[in-house]
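Thanks, everyone. Let's get the structure up on the screen and walk through it.

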Amino acid sequence: MKILQISSARTIGGGERHLIDLANSLAVKGHEVHVALSPRSPLKTLLRGIPEENIVTLPMRNALDAASALDLARLISRKQIEVVHVHMARDYPLAAYATRRNRSSRLIITRHVLFPLSRLHGVTLSNVARVIAVSDAVARRLQEQQLFPPDRIVTVHNGIDAARFSAARLNFNREAFRQRRGLPANGFLIGTVGEINPLKGHEDFVRTAALLADRFPDLHFIIAGEDSSLHNEHLAALEKLIEELGLKERVHRLGWLDDISELYCAFDVFVSTSHSESFGLAIAEAMACGTPVVASATDGAVEIIAHGTTGLLVPVADANATADAIARLLANEEQRQEIGKAGRASIDKRFGLELMVSRTEEVYCEAFSKE
């Protein structure tokens, strides 16, 4: 098939990693994949399976960028695109307009978050063929809004390249990694990964660290992620809290990493303190590395983790419960290994990349076979 993937993202998060894996995998399977990105998009260098001539850049400034919508329409016509697949809400109206001008193409949108769409989206997306939800929780939210016919909403869970993460674990050199990153040579490492914003609960992570610091004198904490706010105000507030709690020597901050798999392997326990997760890609990636996970019981985390078997779930925004769960794992190496092993097997079985790609191909075909 001739497929166009669209994303105006300026940073890389879970939704963008999803697009990268999907586009590269579809190309490997023989589809003709095109991608429309914003200028200076960080995604371009990671789309290694896509020919350079199949990657175009358009301003896509906002949902009302008529010029970009027209350029998309011309691209779809010129390349005879059959499937237009768009991943960000602000791009949905542009893709919908472009697809209306090309009646032989089908519009697919993926909803990566739990936030409700506006009523305007219901009007502008009247020509959508399928709405892909990355989790059952997202599908339920979409169905509750009643913006689309129920039979157009389908769940396709995010897929994880489990083989890549398993290989990272096999080849991981703990001592070399710590030395390279300037981390302490000994002691436990607890970490979290994600964009620095209030929804991800980083302040809860830091408060959890404060509760554990005295109990485990050689325990260190890692926060990996960037602040995408205009003036880095989220990071500034987080660093202020770290200083107030006397944790400057114990909490280490890392920015964006091209290969996150090594970091997951370095953690003795991966922690997610998110207040809301539509799926929890970082949770699944850590599990794919065989790293035991403690996560707040968001909708997404509950869908991934079987409590006590493939990970531990704790109440949202409860630093005391989070600290207790981590402490139990740190005190019991056998349980850490059992949970890590069970988590990795669960990801292999339920959330493999090949499964996601195959299911997405089915959705594309359904968009044509069921008018």
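Start with Thr110, which sits in strand 5, residues 106-111. Keep in mind that this is a predicted model. Is Thr110 buried or exposed? Its relative accessible area is 0%, and buried means under 20%, so Thr110 counts as buried. What does Thr110 touch, leaving out residues up to four places away in sequence? The contacts are His18, His85, Val86, His87, Tyr92, Ile132 and Val134.

Strand 1, residues 2-7, runs parallel to strand 2, and six bridges join the two. Helix 1, residues 14-28, comes in as well: strand 1, helix 1 and strand 2 form a right-handed β-α-β unit. Strand 2 covers residues 32-37, and five of its six residues are buried. On its other pairing, strand 2 meets strand 3, residues 55-57, through three bridges, again in the parallel sense. Look at Ala36. In strand 3, Ala36 stands opposite Val56.

How many strands form it, and in what order? Six strands, ordered 10-9-8-11-12-13, with parallel pairing. Strand 10, 251-254, and strand 13, 312-314, are the edges. Each has a single partner strand, so one side of each has no neighbour in the sheet. From one strand to the next, the twist averages 20°.

Strand 12, residues 293-296, joins strand 13 by three bridges, and the two run parallel. There, Val294 stands opposite Leu312 of strand 13. Helix 13, residues 319-330, lies across strand 8, strand 11, strand 12 and strand 13. Against strand 13, helix 13 runs at about 160°.

Last, the cores. In soluble globular proteins, nonpolar side chains tend to be buried together. Here, the largest nonpolar core has 70 residues. Which of them touch the most other members? Phe148, Leu263 and Tyr264 do. Helix 11, residues 281-288, supplies the largest share of this core, with seven residues. A second, separate core has 30 residues, including Ile108, Val154, Val357 and Ala367.

Back to Leu263 for a moment. Setting aside neighbours within four places in sequence, Leu263 contacts Phe177, Val193, Ile222, Ala224, Leu254 and Leu257.

Note on methods: Residues are numbered from 1 along each chain as its sequence is written. This is a predicted model: local features need pLDDT of at least 70, side-chain atom pairs count only at pLDDT 80 or more; totals for chains, interfaces and linings use all residues. Side-chain values use heavy atoms; hydrogens and water are left out. A nonpolar core is a set of buried Ala, Val, Leu, Ile, Met, Phe, Trp, Tyr and Cys residues joined through side-chain atoms within 4.5 Å. Buried means under 20% relative accessible area, exposed over 50%, partly exposed in between (1.4 Å probe, protein chains only). Helices (H or I, at least four residues) and strands (E, at least two) are DSSP runs, numbered from the N terminus. Contact means heavy atoms within 4.5 Å. Two strands pair if DSSP finds at least two bridges between them. A crossover is right-handed if, with the strands pointing away from the viewer, the path from the first strand over the helix to the second runs clockwise. Axes are lines fitted to C-alpha atoms, for helices over the stretch in contact, and angles run from 0 to 180 degrees between N-to-C directions.
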